[in-house]
Amino acid sequence: MGDTHGYSSDPALQGLEGMAYRKVRAAHTGSLEREELQASALDLEWDMEKELQDPGLGLDRFQLECVEHRTVGNSNRADPDPDLEPIQPSVSVSPHGRFERLQEDPNYISHFTRAPPKGQRRSSCSLVKYLLAGVGLFILGLLIGHYAHSTDKPTPEPPTDTDLLEELLRDITAEKIQALHRPFISISDDNEEARAKHLYQQWTDLGLTDVQLSNYSVLLSLPGPSSSRIVDRASHECFLPSGAQCDPRNHNNNPTADQHFSYAAYSATGSLEAVVVDVQYGGLEDMRRARTTMNVTNQIALLKLGQAPLHYKISFLAEMGFGGVLLYMDPCDGPRDQSLWHKAFGVTLNPGGDPSTPGYPSIVGSYREEWPNLTSLLVQPISASLAKRLLNIQSVGMGSPCTPLAMPAASERRKIQLTIGTHSIYKTVNNVCGYLRGKTNPENQLRKCVWRKMEPPDRYVLVGSRHDSWHKGTAADWRGGSAMMTQIITSVTKQARRGWEPDRTTVFCSWGGSALGNIGSFEWGEENRVVLQSRAVAYVSLHSPVRGTETLRSTASPSLLQLTSDIQKRQLLSCIRGGSCPGPNVSSLQIPGDVSFFANHLAVPTMEFAFEQTKAEEKSSFLSEALFSAESPETLDPLFKFHETIAKMTAEVILRLVNDPVLPFYPLDIALDVQDKLKDDPLRTPRLLAAAASLRESSAFLQSETMRPANDPKERDPSHVRMLNDVLRDLEKSFMVPQPPPGVYRNLLYSLNGKVPQFSILKYPLDPLKHNAVNKSLSLIINAINSAEKLIRCGLDLFENSPDDAN
């Protein structure tokens, strides 16, 4: 009210301001006499005529000053009247200045009935003429614009999701992936840190924001100076794990790289002399059969890979009292490749992360546990040819049907000496993560100090590949995935530069330490666990996308089965026209790789596309735990067409996950998967079946009555969509169990067998030798089903709907 910037020293303006004040006072209080107002009006008119007649002060200048000094302050009064305050804003905020605002007041004009002075009439007429001309031109412009708009072609709208997808897929070609793959060949022999820095620079140049290079000091289990050996005590023959003979007196037999890295990471070390016991796949019946024939304490089990997780079987053998294990792959389970007979391989006994910091990240200052070995057993992988020798098998049939390896009934068991000399050392593993930010970015909101009510917190779609290998001889197995990841980043950042902005943030990550137990992804996940629990909505894997050319295998959690199946069907249609079509194979199998932490510890929906040589059937579902020397992408896929297929399918999944307003998760698929797992299980109970049926009913209602309107732009409510996405994101968390059996996911929705769906903890209970083990597993399953249904009903309550209301 007392703003000095609104006061003018000009006499004419002082008279005007005085008049304005008296007029407002008169209108507000009614205490002034009409005569006083008329006298004031005469004074104001005289001042106006004087102002207009002065050549240095025209009406335009007068109005300009009023615009600049719009505050009607009465700074010359020591005691301003408080009654003026309610009226003041209507005068001071006028865009036309104080005088024109007062002229617009009808009560003010009614006080002045005398004709205006001559100069004022001329000025007013000019202003009216200009005003009418301007209005006429404006109307004419509107008519012309309307006519032009109605006759010209409509302005093209922004690209739709379909157009964006077509452009994205068109930009991903085999030639581009092959060109990106070539630089990786030159750095394959470099250390893991050099590869990570190369990707860091490459992703930064492509335009990803906030590319981060993180490192962790972790405990690694590596081969010792000499290779492991098996000595036959009867013949005194010495064998390397591959079956090649060695000198038992010379500990340095100059093994090849493949022979040197044929070991079990985090195995116990030392030497053991014992009898070899054939336990086949290490199942419960195999163990009982072995125990009936001899005392297995401190003996050496000869164990096949497959049918069950390796960690589960190793734990079971340790509980049975064995002292050592020789692992091999039965040729009948793997591809018909004669070279596998003489190939040893590597395995890791690490379930995930740095063993010295279980459950928390290996950052500076973290407490380190003294835990170099993860088992009390001496574990050593061997070739099939050496296993055949130790089983006393004279000949084996490789025809059709293939004859599995097994010790003859009347055969005498061999006694051997097993020596393992691995060592543990702390080394650094590196991760690279880059962000393609979505529309909703909490960091930007915090900088603006504004949280909009309708804007949800940012959500992350994670995409992961790796840049490490078992050893230099297996470096080829990471290059294809890294090339595909880089091509996808190239394509999506190209669309972002053209104006596309995804709804959710995409986090591209390349992991280190994957071969020894997914160490890089576990450590990063443990460090960012709280953020990921609230923001991560999906994980898309490029861990090992092309390891064969016979079968296209699609693995997804039940939430993403529908989306994965739809994309694979479209790909099969396109390849039918092209002439080469691998068969479809969509399932919710538990698979090894960096997907483990996100599916197993966060219950984030996951998916992965991959080409492989053999179908993942019951006996071979865990053969990928064996780490062989990988063929290079140039050998497996010289034209990089399989790489192009996987990259396009993965890019489409990413686009759907970051762009769809409602997450493409389907709760009914989860309910159907639960019923499918219980359908033929002899351990099912009526209570369990009733809970599964109730979950299906609630899921169907949520999907039809809540997800359908949310997917319709005409009916979509942003607040409902946000709440619905939270329910869909958290649904798989209901199926997490606190302590699963070794090697089995905490997320019960993943199966161990792609041929016969079944809850893993029913087939492989936590304590297989205890009678109540199955009952405990059944309780965990029914609790998970009930928790999921409660979450769905909670979601229905949020929308003020329920199945009863619909009925």
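This is a predicted model: local features need pLDDT of at least 70, side-chain atom pairs count only at pLDDT 80 or more; totals for chains, interfaces and linings use all residues.
Local features need pLDDT of at least 70 and side-chain atom pairs count only at pLDDT 80 or more, while totals for chains, interfaces and linings use all residues. Residues are numbered from 1 along each chain as its sequence is written, and side-chain values use heavy atoms, without hydrogens and water.

The protein has 28 helices and 18 strands, taken as DSSP runs (H or I of at least four residues; E of at least two) numbered from the N terminus. Of its 807 residues, 50% are buried, that is, under 20% relative accessible area, with exposed meaning over 50% and partly exposed in between (1.4 Å probe, protein chains only). Contact means heavy atoms within 4.5 Å.

| Property | Value |
|---|---|
| Contacts joining residues at least 24 apart, among those at least 6 apart in sequence | 80% |
| Carbon and sulfur share of the accessible surface of about 37,800 Å² (Shrake-Rupley, 1.4 Å probe) | 53% |

A nonpolar core is a set of buried Ala, Val, Leu, Ile, Met, Phe, Trp, Tyr and Cys residues joined through side-chain atoms within 4.5 Å. The largest has 94 residues, of which Trp203, Phe508, Leu657, Val674, Phe735 and Ile785 touch the most other members. Helix H22 (residues 641–659) gives this core its largest share, 10 residues. Beyond its neighbours within four places in sequence, Val674 contacts Ala692, Leu695, Phe735, Leu749, Phe759 and Ile785. A separate core of 34 residues includes Tyr263, Leu516, Trp524 and Leu589.

On the outside, Leu131 lies in helix H7 (residues 118–151) and is exposed, at 57% relative accessible area.
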